[in-house]
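User: I am new to reading protein models and would like to go through one slowly. Could you take me through a few features, giving the general idea before the case at hand?

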Amino acid sequence: MTTRSLSAIAALGMALFAAAAQAETKLVIGLQQEPTSLDPTSDATASIDGMLTQNVYESLTTVAPTGDVLPQLAESWTVSDNGLTYTFKLAQGVKYHDGTDFDSADVLFAFNRAMAEGSTNPSKGYFKPIASVEAPDAQTVVITLKKKDAFFLFNMAQGDASIVAEESVDGNATTPIGTGPFKYDSWTRGDRLTLVKNPDWRGASGVQLDKVEFRFIADPAAAAAAIMSDEIDAYPGFGAPEMLPQFEADPRFSVNVGSTEGEVILAMNNSKPPFDNIEVRRAVSTAIDREEIIEGAMYGVAVPIGSFYPPHGSAYVDLTGAYPHDAAKAKAMFEAAGVAGTTMTLRVPPFAYATRSAEIIQAELAEAGIDAKVENVEWGFWLDEVYKKKNYDMTIIAHTSPNDMGNFARGPDYFYGYNDPKMTALWDSISTEADDAKRAELLKEGQKYLSDQAVHGFLFQLPQISIIKTNVKGFWQSSPVLFQPLAGITVE
Amino acid sequence: MGYFLLRRSVGFILTLFAVSVVVFAVMNVLPGDPALTILGLDATEDALAALRDQLGLNDPLLTRYWSWVTNALTGDFGVSHSFRVPVAGLIAERLPMTISLAVSGMIFTVVLALVLGIAAAANHRKAGDWGIMFVSQLGIAVPAFWLAMLLVLVFAVNLRWLPPGGFPGWSDPVAAMRALILPTVALALVQSSVLARVTRSSALEVMRQDYVRTARASGFSRRRVLWRHVLPNALVPIVTIVGMQFAALVTGTIVIENVFYLPGLGRLIFQSIANRDLPTVQALVMLFAAIVVTANFIVDLLYVVIDPRLKARA
């Protein structure tokens, strides 16, 4: 036997040994929502961000679970004194998964594409404040804003602002190419999507997972069965709080109830009678009993809100006591406003939190002398009739975007039908205030004003319920964004 | 026979044409905006307008229908609004799943129903008959989705004999068969209960005929008479029901695929309607309609095979 074949056998043996020593770490994650496209810059489906943003695709910045903005493709940045010019230094030696190089030209391309006239970016509004994007050299990008935007760096971390490459952008809907810690591997539509570790990622040594498989299981009962029979390791967005006790009792799982950015509101159509009358809106706020709604619709798993701001946010003020529940008082208020005994429609989209809350709210309004007719509508119908055409009296919806108090400054065409120059001016000063402390004060003022105006019935913050195997660590319990970075997740 | 085939083919084409018009009209009357569904609540007006333009939603209704029909005739069913890939490919990758489920459901239905139905008829007014009739009554009464959840709880969660859902594909035949067992039972139990009852009553009717008594009298065994004389003559009503049941099984996959999260056409049509994905819905409904019409056609052909006396009438 020659030396060469001996050493070949030795190498083979070592390779086998190495393979056995570090068996592939695979994580199976269950998702409720199935995506139709894999491009977050052209489709708003939340699960695209949930799987791919900051995992396959990367943006200039990223966000920590606390909401703090962190560097990502931009290693560092400076902001000019007037708060309008951002100079980003880009990470060096970064490559896309198809082998092409990443540099400032890609950033330029991605931004110009999102800002273009025919752009179909779902959050095109993020790019509206931008006046110009320039690339003085391959590692530098200078972005100039038309007006100050306090949320600019935060927004640039989102999937809508993923830095996609010109070479691969057209295929991203089916075979996503990014620069992130995980590479797209395969997708069986309707069943599963698989990512594999990107060994060339700049932080690859700290990534433990070799393979991540997402399984799409929409039905909560089916999801519960799949978790119970060890088919999946983690289900981060579990939608059925009534099923939690069986998982809490099981030592295999840890059940976490965190918070999302989703404020659940009983929206009232402010543009038409009777809800153009503030007294009627206040009467509705007095008629509803948040504790009862949370107990009945969410099995107690949610935090009540009294205005439009998440309770985990740093500028939160507790306004849940602004309109204490009092059916008799609400009845008197409805009578004084001349709407007692009228019939109103409550058009509800097909989400469990909404349909269950609707039944309880209907009973509470009935107690206050208002006959609310609940109409359960399908999502496409809701988008068209309620959201687009404002053809509704009341509805229930969760607003899941971060920093979305600006909804109340979207003018009379937005489905709230709410048009208040004072609120518009206030939001303008919030969104342009760079100082965190000052902005927090303004946000508090905004919460108080919205509660005082009783624009909507503010119900509760949508919880983030996750069921995760106890040996899996690193999932965010609460999230300020739609994505969940997988690079930091470990399996013991 | 030639005239029969011609008449059937014309009927087939007219049915599909009518279906295409109805689907197109319904999807357009139904409130909903595909662009808004895709871009979500934060989308700006100009982005929505750009996407509507891209998807061709701004063209007049008739123009869109006409271009759909002309393309469909050349085998091009368009590009899905939400998936952004050709509809034909979307359907092709999910068809094996649904066909597997429908075919295994059909086999399960027919085998179980024939065995139980004949056994019940053979034991007419005895304990076996009562037992089978009671179980099949129960089978008819149980909703498929409830049965599906019960099966998962017992066989997947508690006993762990079978997977709770999902489909690994046919590259691993054993895993694929295992994955099909629970969905098949959930899908087909109702149908096979119905069919067992039909088989029983049809067989009982035949058993009263003189030629059955003659066969028994000439010394053939009970078993031989049942399977060789009774069953073939009892088949006409059975085949009629089976034809209808095949259509029910194909459409029943919509519910079953959702409960067992199987990546088939049922899930696809469910999702596409929610997304207002007209090209996909259109193609799928046409496909389901074609399957139903074809199944009926095959049933008609089978009549002639089973009962040659019908040939003269056809």
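User: Are α10(B) and α12(B) roughly parallel or roughly antiparallel to each other?

Analyst: First, a word on the model: it is predicted, so local features need pLDDT of at least 70 and side-chain atom pairs count only at pLDDT 80 or more, while totals for chains, interfaces and linings use all residues. Residues are numbered from 1 along each chain as its sequence is written, chains are lettered from A and ligands numbered from 1 in the order in which they are written, and side-chain values use heavy atoms, with hydrogens and water left out. In general, two packed helices are described by the angle between their axes and the distance between the axes. Here helix α10 (residues 222-259) and helix α12 (residues 278-306) of chain B pack at about 170°, with axes 9 Å apart, and they are therefore roughly antiparallel. Helices are DSSP runs of H or I with at least four residues, strands are E runs of at least two, and both are numbered from the N terminus. Axes are lines fitted to C-alpha atoms, for helices over the stretch in contact, and angles run from 0 to 180 degrees between N-to-C directions; under 35 degrees counts as roughly parallel, over 145 as roughly antiparallel, 65 to 115 as roughly perpendicular and the rest as oblique.

User: Which residues of α10(B) meet α12(B)?

Analyst: Among them are Leu235(B), Val239(B) and Phe246(B), which meet a set in α12(B) including Phe288(B), Ile291(B) and Val299(B), where contact means heavy atoms within 4.5 Å.

User: Which residues have the most contacts inside the largest nonpolar core?

Analyst: Nonpolar side chains tend to be buried together in soluble globular proteins. The largest core in this model has 79 residues, and those with the most contacts inside it are Phe334(A), Tyr353(A), Ile396(A), Phe415(A) and Phe460(A). A nonpolar core is a set of buried Ala, Val, Leu, Ile, Met, Phe, Trp, Tyr and Cys residues joined through side-chain atoms within 4.5 Å, and buried means under 20% relative accessible area, exposed over 50%, partly exposed in between (1.4 Å probe, protein chains only).

User: Where is the peptide bond cis, and which residues have a positive phi although not a glycine?

Analyst: Most residues other than glycine have a negative phi, and most peptide bonds are trans. The bond from Pro273(A) to Pro274(A) is cis, with omega near 0°, and Pro274(A) is found in the loop between β12 (253-268) and α7 (278-287) of chain A. Tyr261(B) has a positive phi of about 35° and, at 1% relative accessibility, counts as buried; Arg276(B) has a positive phi of about 55° and, at 3%, counts as buried.
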